[in-house]
Amino acid sequence: MRTVYREHLEAFNKDVLEMCDAVRKIMDHASAALLEQSLEDAEVALTETDALKEISQRCEERSMSLLALHSPVAYDLRQVISAIYIVESFDRMGSLAKNVALLARQRHPSPVYPEPLHGYVQELARLVHEMGAATRKLLGEPDADAAVELHTIDEGVDDMKAYLSALVTDKDWQYTNREAVDVSMLARYYERYADRCVSVGRRMVFLITGLKPEAYVQQRDEVDYDPVKKFATIERKFRKRK
């Protein structure tokens, strides 16, 4: 019975990895469509969303089977529940990437945003690609510290979103209202995509440690805290000032 359960669990985990790869592919093509005004990339991104639906449905069926028929215990139960939430995040990430591709296709052959903003949008796409790669690595090589660090990259995305939002609402905005709305929507899509990567990271911390990220960081820092070393550092610092 346990052998059958492990086989089903491994198949489920394989589908989760496949779903992650599909989501990243969709966003990469959506970003290329946006940055390069590539209609071909937009169409590829939109086509790939159909495959994503199939994987998502398969994951849902496998998770229900694992919970209802096999009665997982302790860590196995945590793994299944975490994977269910991760699949939900990937589903939403796919939808957000699709929105980017749809906007790029809708405005083609014109760019979605004013040319002077290209560098900012390109940086958003780069950060999101980096978060997707880090998320994929995390699934293959679970690491609580790496999962927590996703939040650091996400702060860069938040900063870019806030900056672009400030630009389009500034009284000196010199472009059209349509472009202002499009840039705001793009920034929002990328920000929400990044937030979902952070959500996957939070689930991975719970899976690995059984703790919420905040509790894990606090526990980790308490273990790493060495008052003797800290006090010695302070003493050396102030001795130099004398």
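Modeller: A residue counts as buried when its relative accessible area is under 20%, as exposed when that area is over 50%, and as partly exposed in between. With that in hand, and bearing in mind that this is a predicted model, we can turn to helix 6, which covers residues 177-209 and holds both Arg 178 and Asp 182. The side chains of Arg 178 and Asp 182 meet in a salt bridge, at 3.0 Å from N to O, and the two residues lie four residues apart, about one turn of the helix. Asp 182 has a relative accessible area of 2% and is therefore buried, whereas Arg 178, at 34%, is partly exposed.

Further along in the numbering, Arg 188 and Glu 191 also meet through their side chains in a salt bridge, here at 2.7 Å from N to O; they are three residues apart in helix 6, so about one helical turn separates them. Glu 191, with a relative accessible area of 12%, is buried, while Arg 188 counts as partly exposed because its relative accessibility is 40%.

Elsewhere, Asp 15, Glu 18, Arg 58 and Arg 62 are linked in a network of salt bridges.

Technical notes. Residues numbered from 1 in each chain as written. Predicted model: local features only at pLDDT ≥ 70, side-chain atom pairs only at ≥ 80, totals over all residues. Heavy atoms only, no water. Salt bridge = Lys/Arg side-chain N within 4 Å of Asp/Glu carboxyl O. Buried < 20%, exposed > 50% of the residue type's maximum accessible area, 1.4 Å probe, protein only.
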